[in-house]
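Please keep the sequence and the model in view while reading.

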Amino acid sequence: MDKFDSRLATILSRRRLMGAAGIGGAGLATAPLWAQAMKTIDLRLPGKPSTRPLTSSFPTKGEMVLHRVRGPLLETPFEVYNDGIITPNDRFFVRWHWATEPTAVDVDSFRLKVRGHVDKEIEITLDDLLHKFDRIEYMAVNQCSGNSRGLFQPNVTGGEWGNGAMGNARWTGVRLKDVLDRAGVKSGAVDVRFGGLDDAMVPDAPKFLKSLTVDHARDGEVMIAFAMNGEQLPLLNGFPLRLVVPGWYSTYWMKALNDIEVLDHTDDQFWMAKAYQIPKTPFANIAPGTQDFEKEPINKMVPRSFVTNLKDGQAIKPDAPLALSGIAFGGNTGVAKVEVSTDGGKSWKLATLGKDAGKYSFRRFDATVDAPQGGTLAVSCRCTNSDGVAQPMDMVWNPGGYMQCGVETITLKAGEA
Ligand SMILES: Nc1nc2c(c(=O)[nH]1)N[C@H]1C(S)=C(S)[C@@H](COP(=O)(O)O)O[C@H]1N2
Ligand SMILES: [Mo]
């Protein structure tokens, strides 16, 4: 048995587990989660109540920041990112639009359909997907378009994430291109639309569907993943299959993917044409309150970096070298450099980069700065990607609360340790 066959065995044994426990049946929907969540965390969101419960009540998940029970919005506690560049599956953030996420999947009857503007409509079993296609594997950051929305000032509506609606994993699966080729994309194809096992809540609400252009879908990198960090996907992260669109925001990373429809026209349904629209400006940034602006669907990610070994407001030893370390990612390409500043961005010092785990991955950085004798020390970090795109100094603003990527600054107190 090679390692992937043993993975399949895990997937198959999972079915019994799901059948027995049935995530929904185990009481998730009815348990008083709020009551169970004894611990809280302060996300330090400006201008609003920012304390959230911590919960360990979600199946396969460790301690997570609870934003919403149904459909689940669970944030990764920020300290997890200090442990390494891989976000463990049991701490990986969770986001579902509708409270209809699958609570069990029968892996024997599950089929991935490919239909629409193709030569031959097909249905692929999980067994075939695991054994009859080439496998690919890479590290990639999955980041919600609205990561850090809670930090927007002035406030915007929407899920008030801190910085923990992102994670980096090693994804294993097959090329979307190979699956499309099996059905044969007809000439004149324009978009490829993806749907999952979750349905809309009420008949009139739009089912969550997302599309990529046919060229993007066939670029050989977009993946139908069946494994995450060497394990089957957690149900909450899309078991048994999810789309991985490296370098793009995770709204496109369809979970519990079971339907691929090739379209001979641009997808104009709600989730592409109305939702997830960003201003067509650098970093999707506009002056707060601007009403009239040209829009486009959110797409590729931009660079970000975070100090992870120290928290905003923390006390540090005065008059001593201060070690900083953190994580960075380049967005849709690799990290070229990370710099740190203690003077509000007037001068910058190059950080040392950790191992390169691929251009779509988190990358560690380390630097040392001098702590003052007393008072406060503001530490900023800035990532520049290999296309030369650097994080903007100011926080970005747009009404959707999307694409935050401004330089982060934490303030430390010297002399009070
Ligand atoms: N089927 C399905 N896939 C989905 C969604 C969803 O609601 N349903 N939400 C998307 C959004 S907006 C995000 S941020 C990511 C979250 O991925 P995760 O829960 O694995 O972290 O899933 C994406 N894929
Ligand atoms: Mo998202």
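This is a predicted model: local features need pLDDT of at least 70, side-chain atom pairs count only at pLDDT 80 or more; totals for chains, interfaces and linings use all residues.

Residues are numbered from 1 along each chain as its sequence is written, chains are lettered from A and ligands numbered from 1 in the order in which they are written, and side-chain values use heavy atoms, with hydrogens and water left out.

Between domain 1 and domain 3, contact (heavy atoms within 4.5 Å) involves 7 residues of domain 1 and 13 residues of domain 3. The size of an interface is often given as the accessible area lost when the parts come together. Here domain 1 and domain 3 bury about 790 Å² between them, with 61% of it on carbon and sulfur atoms, where buried area is the accessible area (1.4 Å probe) that two parts lose on being put together, summed over both. On the side of domain 1, Phe78, Asn82 and Ile85 lose the most area to domain 3, together accounting for 63% of what that side buries.

The charged and polar part of this interface can be described as well. The count between domain 1 and domain 3 is 1 salt bridge, a term that stands for a side-chain nitrogen of Lys or Arg within 4 Å of a carboxyl oxygen of Asp or Glu. The rule also finds 4 residue pairs in polar contact across the interface of domain 1 and domain 3, both residues being at pLDDT 80 or more; a polar contact is a pair of N or O atoms within 3.5 Å, where within protein one must be able to donate a hydrogen and the other to accept it, and residues adjacent in sequence count only if both atoms are side-chain atoms. By class, the side of domain 1 that touches domain 3 has 3 nonpolar, 3 polar and 1 charged residues, with Ala, Val, Leu, Ile, Met, Phe, Trp, Tyr, Cys and Pro counted as nonpolar, Asp, Glu, Lys and Arg as charged, and the others, Gly among them, as polar.

## Salt bridges

Side chains of opposite charge can pair when their charged atoms come close. The structure holds 18 salt bridges, including the following.

| Pair | Closest N to O |
|---|---|
| Asp312 and Arg44 | 3.4 Å |
| Arg218 and Asp181 | 2.8 Å |

Helices (H or I, at least four residues) and strands (E, at least two) are DSSP runs, numbered from the N terminus. Glu160 is partly exposed at 24% relative accessible area, whereas Arg52 is buried at 12%; buried means under 20% relative accessible area, exposed over 50%, and partly exposed in between (1.4 Å probe, protein chains only).

Salt bridges that share partners join Arg115, Arg193, Asp259, Glu261 and Asp267 into one network.

## Single residues

Gln269 lies in the loop between strand S15 (257-263) and helix H7 (270-273) and is buried, at 15% relative accessible area. The side chain of Gln269 reaches the backbone oxygen of Leu209 at 3.1 Å, and, leaving aside neighbours within four places in sequence, Gln269 is in contact with Arg193, Lys207, Leu209, Lys210 and Lys274.

Val94, in strand S5 (residues 94-95), is buried with a relative accessible area of 0%. Not counting residues up to four places away in sequence, Val94 touches Lys61, Pro72, Leu73, Leu74, Trp161, Leu236, Asn237 and Lys255.
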